[in-house]
Amino acid sequence: MKPYALDTHLVHTDRLLNSPEDGAVHTPTSNSVLFEFEDVSDLEAVFQGKKTGHVYSRSSSGSAVALQNLLNDLEGGVAATVFSTGMAAISATLFSLLRTGDHIVVSQFLFGNTRSFMQALEDFGVQISFVDISDSEQVSQSITDNTKMVFCETIANPVTQVAALQEIGEICAQENIILVVDNTMTPFVMFDSKAVKSSLVITSLTKYIAGHGSVLGGVVVDTGLFDWRKYPNILEKYKGADANLWGMTQIRKRGLRDIGATLAPSSAHPISVGLETLKLRMQRSCENALAIARYMHASDKFKTVHYPGLDTHPHHQRASQLFDGGYGAILSFELADGIDFREYLNKLALVINATHLGDTRTLALPVSSTIFYENGAEQRKAMGISENLIRLSVGIEDTQDLLNDFASGFR
Ligand SMILES: *Cc1c(COP(=O)(O)O)cnc(C)c1O
């Protein structure tokens, strides 16, 4: 499927790669939990991994595999596994690959629930160094003999710090450490995770990929760049003939099958339909975000605006090098002193007060009192989150309508 441009791939891959029955252009939803085998020896062979097939839909279904194929192909990976949510993809991946006593290096600017999951890992005896991943020195200085993994996001939410991905990828490749990148903010249409030598790329499908606020999902893709033969935590029974698949086999068995956060077949379909328009939506959202950030930056009604597309942003240059076609669609801001953010947000007609991001609609959320409330003041400070910070997830509305809405809040 190489001869076409990405836009073309997005709308034709399901049809061409998965060849759905009856000339359908989408893979149909396949709801069967169980699968019949005429010859019982085939059933035994599938269980033993000697033949491919489905035995029970917690482990795999036609719908999940079709979506996995799409995402793997589009990301340029060697294998992918879909999960019920982005958090399921993150927690199952880390849980299946790490052991008590391992050390990992993790971004100190993390999605709140991922941060909370990291604390659970610490309770299970995984040692974690939280570092500023916009500074690769901090990453290299934290690495010990026992470091198994570096975990970071591309653009952090809500303060939009950009990870030093190129440098971190080099460090991980040299030290033979798994680099897990949560690429939810800059999905594959705008960021090539293989170019920075990521080992595993995790994306919440709930956000930009599905895009319409109607379905949850997550995926992990193995880029094929990590050599699993050098990784001590792979169990003997998961070491098949192709070493490229060792990591994903363990993630599927220990992470998906044993934990059970399976993507429902009925969710795979709206996700793959969302995928078809991902590039168009991402482009518009990025353009809108840049226009809004410029408007806020130029206005004295706003005290701060964090957006990597502004040339005043500390990581603007890096973001320009890493990302294609824009700077993401998340920005955050503080209103000027004396303007009450609750009054302001309540006046906006188009912008919705809601938690979620990557939607077609523009959403606003005060973060310290909501998604980062549980983290406490000290952690918020380390993440650069001020108490009155508002996060925006910018949608695909008309740019001028959005600018008018933000101006209307001051009337
Ligand atoms: C939303 C989000 C997740 C979790 O995804 P869900 O599908 O909501 O579980 C993980 N990482 C980032 C960066 C996110 O924005």
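Q: A pocket is an open set of grid points with protein on both sides within 12 Å along at least five of seven lines. How much space lies in the second largest pocket of this predicted model?
A: About 430 Å³ lies in the second largest pocket. The pocket is lined by 22 residues. Met87, Phe111, Asn113, Ser204 and Lys207 lie nearest its centre.

Q: Why is the second largest pocket said to lie between domain 1 and domain 2?
A: Look at who builds the lining. Domain 1 (6–30 + 61–275) gives residues to it, and domain 2 (279–408) does too, so the second largest pocket lies between them.

Q: Which helices supply at least two residues each to the lining of the second largest pocket?
A: Helix 4 (86–97), helix 5 (112–123) and helix 8 (205–209) do. Helix 4 gives the largest share, with 3 residues. By class, the lining has 8 nonpolar, 10 polar and 4 charged residues.

Q: What is the volume of the largest pocket, and which residues are closest to its centre?
A: The volume is about 1,200 Å³. Of the 40 lining residues, the closest to the centre are Gly49, Gly53, Thr249, Arg252 and Lys253.

Q: What makes up the lining of the largest pocket?
A: At least two residues each come from helix 2 (40–47), helix 3 (62–75), strand 1 (79–83) and helix 9 (246–259). The lining divides into 15 nonpolar, 16 polar and 9 charged residues.

Q: What makes a space a cavity, and how many cavities of 30 Å³ or more does a search find?
A: In a cavity a 1.4 Å probe fits but cannot get out. The search of the whole structure finds 5 of 30 Å³ or more. The largest cavity has a volume of about 60 Å³.

Q: Which residues and helices line the largest cavity?
A: Its lining has 13 residues, and Thr27, Ser63, Ala66, Ala268 and Ser272 lie nearest the centre. Helix 1 (6–18), helix 3 and helix 10 (265–276) each supply at least two. The classes are 6 nonpolar, 6 polar and 1 charged.

Q: How do you know that strand 2 and strand 3 pair?
A: Pairing needs at least two bridges. Strand 2 (residues 103–107) and strand 3 (residues 127–131) are joined by 5 bridges, so they pair. They run parallel. Val106 stands opposite Phe130 in strand 3. With helix 5, strand 2 and strand 3 make a right-handed β-α-β unit.

Q: What makes strand 1 and strand 3 edge strands?
A: They belong to an open sheet of 7 strands with the order 1-7-6-5-4-2-3 and mixed pairing. Strand 1 and strand 3 each pair on one side only. The twist averages 20° from one strand to the next.

Q: How many bridges join strand 6 to strand 7, and in which direction do they run?
A: 5 bridges join strand 6 (residues 200–204) to strand 7 (residues 218–222), and the two run antiparallel. Leu200 stands opposite Asp222 in strand 7.

Q: Why is one side of strand 8 and of strand 10 left without a neighbour in the sheet?
A: The sheet is open, with 5 strands in the order 8-9-12-11-10 and mixed pairing. Strand 8 (302–306) and strand 10 (352–353) stand at its edges, each with a single partner strand, so one side of each has no neighbour there. Within this sheet, 4 bridges join strand 9 (residues 330–335) to strand 12 (residues 390–393), running antiparallel. Phe333 has Ile390 in strand 12 as its bridge partner.

Key: Residues numbered from 1 in each chain as written. Predicted model: local features only at pLDDT ≥ 70, side-chain atom pairs only at ≥ 80, totals over all residues. Heavy atoms only, no water. 1 Å grid on protein atoms, 1.4 Å probe; cavity = no way out; pocket = protein on both sides within 12 Å on 5 of 7 lines; lining within 4 Å. Points joined across faces, edges and corners; volume = space filled by probe spheres on them. Nonpolar A, V, L, I, M, F, W, Y, C, P; charged D, E, K, R; others polar. Domains from an automatic or database assignment. Right-handed = clockwise from strand over helix to strand, strands pointing away. Axes fitted to C-alpha atoms, helices over the stretch in contact; angles between N-to-C directions.
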